[in-house]
Every structure is written in structure tokens, then in C-alpha cells.
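Student: Can we go through this model together? I'll ask, you answer.

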Amino acid sequence: MLLRIHLDMERHVCLAVTTAKGSAIAAADVIQCITVPAQTALLYGGLEVITATDAGAADLTLDWGYGGDDDLFVVAMDCDSGSAAGSVSAGAATNFAGLAVTTAQDTLDLVTAGTGVDVTTGVIRCWALVL
């Protein structure tokens, strides 16, 4: 099954993160995107920039994974200022060899990294192939 979500950094993420922690998005923030049940096989996944991030995202990188491995699918996708719409990062075909199975209900997470991560705009498509 293909699971996907479009994260609008301004409308959804910034508001949710700011409300939850009381400050703007920063390095090492975990944005819980999609809930998956126990015994879900996580096969493959990726990220795509739909709308470029703003100038505040001076050194933004994103990891895409789950609670057991926060960068299972994508490690440090460059999403800083000016990342072109259409930029894509997905795991290598060999990711199937690194199959993970959730032992309890979990979430697929987007994790921010870098410095100057003050992002307020941009849309990122997060997707995963699961069984």
C-alpha cells in the first residue's frame, strides 16, 4: 500500500510544531506524519519538494523514517532555501534489504536537521510503500 501526505510547512507544520513546543521549527524536530499499525512492513519511501522552502531555511535537511530508524528511507535530503520544486530523494533500491517491521503502532516521521532551520513555507510530499 502506498501512503503519502503533503506537508505544507506554513499551514500545517509550523502551526503544529509551534503549538506543540511553543517555538518555531528547529533542528532535530520530529514531525509525526502518518500513523501505521503494529506489524507493518516498511518497504520503501521518499520525499519530494512540491513547493520550494523559503529563505529562512538556510541549511535545512530532512530525514524520513520511523521511531525505530528515523532515516530508514531518506538521509539528509537538502531542502534549504531555493530547493527546486520537483527535487526528489528516495531510498536506493537496496533499501528492500533493510526491511523494517513495526512491533507496535508507530508513526512515519520527518526529522529536521541543519542550522538556520527557520522554515515557514514550502510543501513536501512524504511517501512510503508498506505492507
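Student: Where does Thr40 lie?
Tutor: Thr40 sits in the loop between E2 and E3. Helices (H or I, at least four residues) and strands (E, at least two) are DSSP runs, numbered from the N terminus. This is a predicted model: local features need pLDDT of at least 70, side-chain atom pairs count only at pLDDT 80 or more, and totals for chains, interfaces and linings use all residues. Residues are numbered from 1 along each chain as its sequence is written, and side-chain values use heavy atoms, with hydrogens and water left out.

Student: Is Thr40 buried or exposed?
Tutor: Thr40 is buried, because its relative accessible area is 5%. Buried means under 20% relative accessible area, exposed over 50%, and partly exposed in between (1.4 Å probe, protein chains only).

Student: What is Thr40 in contact with?
Tutor: Leaving aside neighbours within four places in sequence, Thr40 is in contact with Ala100, Val101, Thr102, Val130 and Leu131. Contact means heavy atoms within 4.5 Å.

Student: How many of the residues count as buried?
Tutor: Of the 131 residues, 44%. Also, look at contacts with a separation of 6 or more: 81% of them come from residues 24 or more positions apart.

Student: Which residues touch the most other members of the largest nonpolar core?
Tutor: Leu42, Leu47, Trp64, Phe73, Leu108 and Leu110, out of 28 residues in that core. A nonpolar core is a set of buried Ala, Val, Leu, Ile, Met, Phe, Trp, Tyr and Cys residues joined through side-chain atoms within 4.5 Å.

Student: Which strands supply at least two residues of this core?
Tutor: E1 (2-8), E2 (30-36), E3 (41-51), E4 (61-66), E5 (69-78), E8 (106-113) and E9 (123-130) each do.

Student: And what does Leu47 contact?
Tutor: Neighbours within four places aside, its contacts include Leu62, Trp64, Val74, Met77, Leu110 and Trp127.

Student: New topic. How many aromatic pairs are there?
Tutor: Two. Rings of Phe, Tyr and Trp (its six-membered ring) pair if their centres lie within 6.5 Å; planes under 30 degrees apart count as stacked, over 60 as edge-to-face and the rest as tilted. Tyr44 and Trp127 have ring centres 5.5 Å apart and planes at 55°, so that pair is tilted.

Student: Where do Tyr44 and Trp127 lie?
Tutor: Tyr44 is in strand E3 and Trp127 is in strand E9, so the pair ties together parts 83 residues apart in sequence. Trp64 and Phe73 form a tilted aromatic pair, with 6.4 Å centre to centre and 45° between the planes. Trp64 is buried at 0% relative accessible area. Phe73 counts as buried at 4%.

Student: Last one. What is the phi of Ala28?
Tutor: Near 75°, a positive value in a residue other than glycine. Ala28 is in the loop between helix H1 (9-21) and E2. Ala28 is exposed, with a relative accessible area of 58%.
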